[in-house]
Amino acid sequence: MRSKRNRHLTSGKHIRSVVRGIGSYLPANKVSNADLEKMVDTTDDWIVQRTGIRNRHIAAEGETTSMLATYAARAALDNAGLNASDIDLVVVGTATPDYTFPSVATQVQASIGMTHGAAFDVQAVCSGFVFALATADKFLLSGSHKRALVIGAETFSRLLDWKDRTTCVLFGDGAGAVVLEAQEGQGTIRDRGVLTTHLRSDGRHREKLYVDGGPSSTGTVGHLRMSGREVFRHAVSMVTDVMTDAFAATGTSAEDLDWFVPHQANRRIIDASAEKLHIAPSKIVVTVEDHGNTSAASIPLALATAVADGRIKPGQLVMIEAMGGGFTWGSALIRW
Ligand code: ACO
């Protein structure tokens, strides 16, 4: 994989998946830590100290993942100056689909009025956006597709046991989307676009973070269950490993990064990962305070925030990474 990528980087013209547009959506209902104090035995102080989270957005009754995904997709198309007819691939990272089937991606496809191309979901929980982006990138690099909507969308509020204080304070709902377009680059790391992706998983960790239901086991949706300490223990080494892989594959280092946009699960995991790789605090985009952990939506939501406020600019080098249930974990290095 690495030697193939290096061949691409030295062999002249090369297709790159360039980010052409970005959009996001957060449900209107904002829930603060003070609101949660009224529901479970917790305090604002405990939540802020352990996670950095102060607020999260929760989808309204009847507001589904495909609706959030559609709002984000439309915003990304507008931002790109494109129509649904310009897109030939929709890949949605989600672990909270409206239905067991059809996929969220095909619902988005119908909602935006796209009747051609292909649409499917990718299920890698909190790593869903990185896995979806890597998948779309490979479709574009192969030449089979030209423009992809890559979406991370979740309604984790529907999976939570609202009586379990150890999990219900951590998560929120939302969606983010990017439009990737196949463009010709020079085959160097100066090219705009996705420069490298690195995906990992290890199913032996299932019991540390899972949902205790599903169509083929209980016939119910189930609730999220997590051994928080165990997840924390693995998270930093796993995400820093795949970031190190990305640096090695491209001959870059933490110093070359303009922005580090991690999965927004927990402020302490983010800071410890950045510290381990010597990434300056000023380069980290953090939205966990206002969004909570929105699983697959967290990275595109953070990217959209930092693009909208002018931090991330075209030509800059951006590292994204995530780790989630499975375990799954991954990174992507993108020249914006
Ligand atoms: N409010 C008040 N007290 C609480 C709460 C709460 N919401 N939740 C737990 N506690 C209590 C516990 O009951 C425990 O009390 P005890 O000592 O009397 O038994 C005490 O706080 C400490 O609990 P721990 O679970 O040991 O707390 P820890 O310091 O590990 O923090 C946390 C918990 C925040 C979940 C931490 O382990 C963590 O961040 N883990 C990573 C979780 C994560 O990020 N998951 C998502 C990544 S993957 C993905 O995104 C799907």
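Is histidine 278 buried or exposed in this predicted model? Histidine 278 counts as exposed, at 69% relative accessibility; exposed means over 50% relative accessible area, buried under 20% and partly exposed in between (1.4 Å probe, protein chains only).

The model is predicted, so local features need pLDDT of at least 70 and side-chain atom pairs pLDDT 80 or more, while totals for chains, interfaces and linings use all residues. Residues are numbered from 1 along each chain as its sequence is written, and side-chain values use heavy atoms, leaving out hydrogens and water.

**View 1. Two residues with positive phi.** Histidine 278 has phi near 60°, a positive value in a residue other than glycine. Histidine 278 is found in the loop between α9 and α10 (288-291). Helices (H or I, at least four residues) and strands (E, at least two) are DSSP runs, numbered from the N terminus. Serine 295 is not a glycine either, and its phi is positive at about 55°. The loop between α10 and α11 (298-308) holds serine 295. Serine 295 is buried, with a relative accessible area of 0%.

**View 2. The shell around the ligand.** The ligand is surrounded by 23 residues, each with a heavy atom within 4 Å of it. The closest are Thr42, Arg50, Cys126, Asn266 and Asn293. By class, 10 residues of the shell are nonpolar, eight polar and five charged. Here Ala, Val, Leu, Ile, Met, Phe, Trp, Tyr, Cys and Pro count as nonpolar, Asp, Glu, Lys and Arg as charged, and the others, Gly among them, as polar. Helix α8 gives the most to the shell, with four residues. Elements that each supply at least two residues include α3 (44-51) and β12 (317-324).

View 3. A side-chain N or O atom of arginine 50 is 2.5 Å from an oxygen atom of the ligand. For asparagine 293, a side-chain N or O atom is 2.7 Å from a ligand oxygen atom. Glycine 228 places a backbone N or O atom 2.9 Å from a nitrogen atom of the ligand. Taken alone, the ligand exposes 1000 Å², and the protein buries 76% of that; these areas come from the Shrake-Rupley method with a 1.4 Å probe, and for residues only the protein chains shown count as cover.

**View 4. A tilted aromatic pair.** The whole structure has three aromatic pairs. Rings of Phe, Tyr and Trp (its six-membered ring) pair if their centres lie within 6.5 Å; planes under 30 degrees apart count as stacked, over 60 as edge-to-face and the rest as tilted. Tyrosine 25 and tyrosine 71 have ring centres 4.5 Å apart and planes at 50°, so the pair is tilted. Tyrosine 25 lies in strand β1 (residues 14-25) and tyrosine 71 in helix α4 (residues 65-80), 46 residues apart. Tyrosine 25 is partly exposed, at 22% relative accessible area. Tyrosine 71 is also partly exposed, at 36%.

**View 5. Two cis peptide bonds.** The bond from phenylalanine 101 to proline 102 is cis, with omega near 5°. Proline 102 is found in the loop between β4 (89-93) and α5. Another cis peptide bond joins glycine 326 and phenylalanine 327, with omega about 0°. Phenylalanine 327 lies in the loop between β12 and β13 (328-335).

Notes: Polar contact = N/O pair within 3.5 Å; in protein donor to acceptor, adjacent residues only side chain to side chain.
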